[in-house]
Amino acid sequence: MPDHVDRVLSQWAVERPDLDVSAMGVIGRLGRVQRLVDASLRATFARHDLDAPSFDVLATLRRSGDGGLTPAGLMRSGMVTSGAITQRLDRLEERGLVRRAASDADRRSVVVQLTPAGRELVDAALPDHVATEERLLAGLDPAQREQLASTLRTLLEHLGDEA
């Protein structure tokens, strides 16, 4: 069954038959999927009084163990700039969800850790987040999911995304 992107491609085939617009089919669908995914995740996070960037920080700290991470480690894990991570940490610290403390290894360095309230919040939000992702991918069987994940991994590597 043709989708919106198919209709766009058909229009281009008529108007510009000299161009191979097949890449638009992939990029257009990726964009449409991303908008739908973002909207669903925003709704899930909002139920926990979070936004995606805040969840990203809390989840990164949670999966990294109790030792915490430096702001630089959070930047690498969250793929954000130092200014963005500082703003996120300020907001989360104001809410009592994270704390910054001097590193035991190097007093010049700061370590960010979840507070008990931060751990409780991310532990409550995570099952809802996973359920939302499951719902979003329910139209794909396990083999299709693996194929899509593999194809996207290859594309990300080609585009220079770092591990």
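These are my notebook entries on what I looked up in this predicted model.

**Ground rules.** I number residues from 1 along each chain as its sequence is written, and for side-chain values I use heavy atoms, with hydrogens and water left out. Since this is a predicted model, local features need pLDDT of at least 70 and side-chain atom pairs count only at pLDDT 80 or more, while totals for chains, interfaces and linings use all residues.

**Confidence.** I began with pLDDT, the predictor's confidence in each residue, from 0 to 100, and found that the protein averages 92, with 96% of the residues scoring at least 70. Confidence is lowest in helix α4 (residues 71-78), with a mean of 82, and highest in helix α6 (residues 116-136), at 98; helices here are DSSP runs of H or I, at least four residues long, numbered from the N terminus.

**Domains.** I then looked up the domain assignment, whose bounds come from an automatic or database source, and it gives domain 1 (1-47) and domain 2 (50-139). Their C-alpha centres lie 32 Å apart. Seven residues from domain 1 and ten residues from domain 2 make the contact, which means heavy atoms within 4.5 Å.

**The interface.** How much area is buried between domain 1 and domain 2? I noted about 700 Å², of which carbon and sulfur atoms give 69%; buried area is the accessible area (1.4 Å probe) that two parts lose on being put together, summed over both. Leu 41, Thr 44 and Phe 45 supply 68% of the area that domain 1 buries against domain 2, more than any other three residues.

**Salt bridges.** I counted a salt bridge where a side-chain nitrogen of Lys or Arg is within 4 Å of a carboxyl oxygen of Asp or Glu. Between domain 1 and domain 2 the count is zero, although the structure holds eleven salt bridges. One of them joins the side chains of Asp 56 and Arg 88, at 3.8 Å from N to O. This pair links distant parts of the chain, with Asp 56 in helix α3 (residues 52-63) and Arg 88 in helix α5 (residues 82-94), 32 residues apart.

Notes. Helices (H or I, at least four residues) and strands (E, at least two) are DSSP runs, numbered from the N terminus.
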